[in-house]
Amino acid sequence: MIYADNAATTRLSDRALEAMLPWMQDAYGNPSQPYTFARRAHKAVEGARAAVAACIHAEPEEIFFTSGGTESDNWAIKGAALACKTPGSIVTSAFEHHAVLKTCEALERTWSLVHVPPTPEGIVTPLALLGNMPDDPRIVSIMLANNELGTLQPVRALGEIAHKHGAIFHTDAVQAIGHIPVDVKALQVDLLSASAHKFGGPKGVGFLYVRKGTPLLPYADGGAQESGRRAGTENVPGIVGMATALQERVDTLEDCRMYVQALADALLARLEGLPFRRNGGNAAHLPGLLSLSFPGFQGEALLHRMDLMGICISTGSACDSRRTVMSHVLRAIGLDETAAEGTIRISLDAQNTMEDVEAIGEALKKIVRHA
Ligand code: PLP
């Protein structure tokens, strides 16, 4: 099997698994309990918090553990909205992940929603944000890396504009963390979402970075965990596994980035001569993510043909793979329906090899040339 759908999820790293095991059956205490056995779990959670914070240049008290990217996005936007004295406008882009888009829609009864269109290259420009800024912006949420296209957004410049207009700035960095350097101080974001399973950590755990002083209320009520801001018993093995995976990624980031970029370049070179276009290909990019449109083909059929050859890829985003509707991301960048229908996403990671790339290239050539 060749796995080339790393933007959907990644393999759990060996080191992360090893780090997680003791917290399942041996040291399984509830970190909120005061006795020695449970204090060990508490210490492990706090150690993980410090490690995660260091990886993104944050302070430990600015990291809040969650159940993943979806919860982090929900909490960031709903929590910031709850903290506002009066509702106003939420500004987001038209090609955010559904975890952001649906969260914003859920607030639409009392809040106004503004969707900034990206360019055909898959970028939300500062000019577009300025041009679409409403009179009463309270929250601006623009992702760091798009999950279907891999394009990187000028988050620092977008955040500066949001702040100048008095709004809180959130970025969904789920696809970026562990793949490109992320420094919350340099980016000057107020809120940032991350998810462990996108960078070699376990599924069902993530974090929200909350810059000190950012007004944010809890959006789930319950216990006093996470400094009283995120209720629920901490997923100790998951948190420890996430911190281990992130540390591992950050320690090898530059080498991995160059290696994965070389794999992606080699694949594109192998596909030369085939009738396809790369979406968002000229913009700054995640290293291993390729969105390729084969007009006249069905992305879903390509996916299944590749599957029969033992190769896992995706059509558009993972969440859209089972739907036949046109991806909102591809629509947002103005792709015509024929090209959109024939779009696949190949996402490579450091686990992949040049042999994988050769096999993917050969498989695609065979399918497309013999259609
Ligand atoms: N945001 C982005 C950009 C994503 O790609 C994903 C997952 O695909 C999510 C949020 C949701 O993350 P999770 O699967 O951890 O809920």
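## Sheet and helices

Contact here means heavy atoms within 4.5 Å, and angles run from 0 to 180 degrees between N-to-C directions of the fitted axes. The model is predicted. In these terms, helix H4 (residues 69-83) lies across S2, strand S3 (89-93), strand S5 (137-141), S6, S7 and strand S8 (206-210), and runs at about 160° to S7. Helix H7 (residues 155-164) lies across S5 and S6, at about 155° to S6.

The strands belong to an open sheet of seven, in the order S2-S8-S7-S6-S5-S3-S4, with mixed pairing. Strand S2 (63-66) and strand S4 (112-116) stand at the edges; each has a single partner strand, so one side of each is left without a neighbour in the sheet. On average, neighbouring strands of this sheet are turned by 20° against each other, direction ignored. Strand S6 (residues 168-172) and strand S7 (residues 191-195) run parallel and are joined by three bridges. Thr171 stands opposite Leu192 in S7.

## Nonpolar cores

The largest nonpolar core has 70 residues, of which Ile56, Ile63, Phe65, Ile177, Val182, Leu192 and Phe207 touch the most other members. Helix H3 (residues 36-55) gives the most to this core, with eight residues. A second, separate core of 27 residues includes Leu302, Leu348, Leu364 and Val368.

Leaving aside neighbours within four places in sequence, Val182 is in contact with Cys55, Ile56, His57, Leu144, Ala176, Ile177, Leu187 and Leu192.

## Aromatic rings

There are four aromatic pairs. In one of them, the rings of Phe276 and Phe294 have their centres 5.6 Å apart and their planes at 35°, so the pair is tilted. Phe276 lies in the loop between helix H11 (253-270) and S9, and Phe294 in the loop between S10 and helix H12 (299-308), so the pair ties together parts that are 18 residues apart in sequence.

The rings of Phe294 and Phe297 have centres 6.3 Å apart and planes at 75°, so this pair is edge-to-face. Phe276 is partly exposed, at 22% relative accessibility; Phe294 is buried at 0%, and Phe297 counts as buried at 17%.

## Asn279

Asn279 sits in the loop between strand S9 (277-278) and strand S10 (289-293). Its relative accessibility is 0%, so Asn279 counts as buried. Apart from neighbours within four places in sequence, Asn279 is in contact with Leu149, His285, Ser291, Leu292, Ser293, Leu330, Ile333, Leu335 and Thr343.

Conventions: Residues numbered from 1 in each chain as written. Predicted model: local features only at pLDDT ≥ 70, side-chain atom pairs only at ≥ 80, totals over all residues. Heavy atoms only, no water. Helix = DSSP H or I, 4+ residues; strand = E, 2+ residues; numbered from the N terminus. Buried < 20%, exposed > 50% of the residue type's maximum accessible area, 1.4 Å probe, protein only. Core = buried A, V, L, I, M, F, W, Y, C linked by side-chain atoms within 4.5 Å. Pairing = 2+ DSSP bridges. Phe/Tyr/Trp six-rings, centres within 6.5 Å; stacked < 30°, edge-to-face > 60°.
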